[in-house]
Amino acid sequence: MKTIQVKVSEKDLEKYNLDSDPIIDFKLLVEKINLDFARKALEECQNIAKEVGLSELTLEEIDAEIKAVRNESHS
């Protein structure tokens with residue numbers, strides 16, 4: 001296994017909780033960054049859903065939409 005050095009801003013050290021240990025496993029670092037990207041993507045999806053009115057759909061409306069799409073694919 002090789003060791004590399006990476007410069008990280010103070011802001012990102014705090015953001016990813018990396019300031020507690022100067023050595024971190026690469027796999028864990030990637031996981032922390034991926035979780036941050038996933039969180040941001042989810043927030044963006046939620047914002048888009050609000051903008052287009054999807055966040056206001058009831059469960060019954062969602063079920064009806066799913067049923068309509070399934071019926072279309074069987075036709």
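Modeller: We can go through the salt bridges and then the nonpolar patch. This is a predicted model, in which local features need pLDDT of at least 70 and side-chain atom pairs count only at pLDDT 80 or more, while totals for chains, interfaces and linings use all residues. Residues are numbered from 1 along each chain as its sequence is written, and side-chain values use heavy atoms, with hydrogens and water left out.

Biologist: OK, how many salt bridges does the structure hold?

Modeller: The structure holds 4 salt bridges, a salt bridge being a side-chain nitrogen of Lys or Arg within 4 Å of a carboxyl oxygen of Asp or Glu. In general, side chains of opposite charge can pair when their charged atoms come close.

Biologist: And which residues are linked in a network of salt bridges?

Modeller: The network links K15, D36, R39, K40 and E43. Within it, D36 and R39 meet through their side chains at 2.6 Å, N to O, and K40 forms a salt bridge with D36, with the closest N and O atoms 3.3 Å apart. R39 also meets E43 in a salt bridge, at 3.0 Å, N to O.

Biologist: How far apart are D36 and R39 in helix 2?

Modeller: They are 3 residues apart in helix 2, so about one helical turn separates them; helices here are DSSP runs (H or I, at least four residues), numbered from the N terminus. K40 and D36 are 4 residues apart in helix 2, again about one helical turn, and E43 and R39 are likewise 4 residues apart there, about one helical turn.

Biologist: Is D36 buried or exposed?

Modeller: D36 is buried, with a relative accessible area of 8%, where buried means under 20%, exposed over 50% and partly exposed in between (1.4 Å probe, protein chains only).

Biologist: Switching topic, which residues form the nonpolar patch on the surface?

Modeller: That patch is formed by I48, V52, L54, L57, L59, I62 and I66, with about 610 Å² of accessible area together. Patches are made of residues with over 30% relative accessible area and no salt bridge, with nonpolar side chains (Val, Leu, Ile, Met, Phe, Trp, Tyr) joined within 5 Å.

Biologist: Where does L54 lie?

Modeller: L54 lies in the loop between helix 2 and helix 3, and L54 is exposed, with a relative accessible area of 51%. The largest share of the patch, 3 residues, comes from helix 3.

Technical notes
Patches are made of residues with over 30% relative accessible area and no salt bridge: like charges are joined within 9 Å, nonpolar side chains (Val, Leu, Ile, Met, Phe, Trp, Tyr) within 5 Å. Accessible areas come from the Shrake-Rupley method with a 1.4 Å probe; for residues, only the protein chains shown count as cover. Helices (H or I, at least four residues) and strands (E, at least two) are DSSP runs, numbered from the N terminus.
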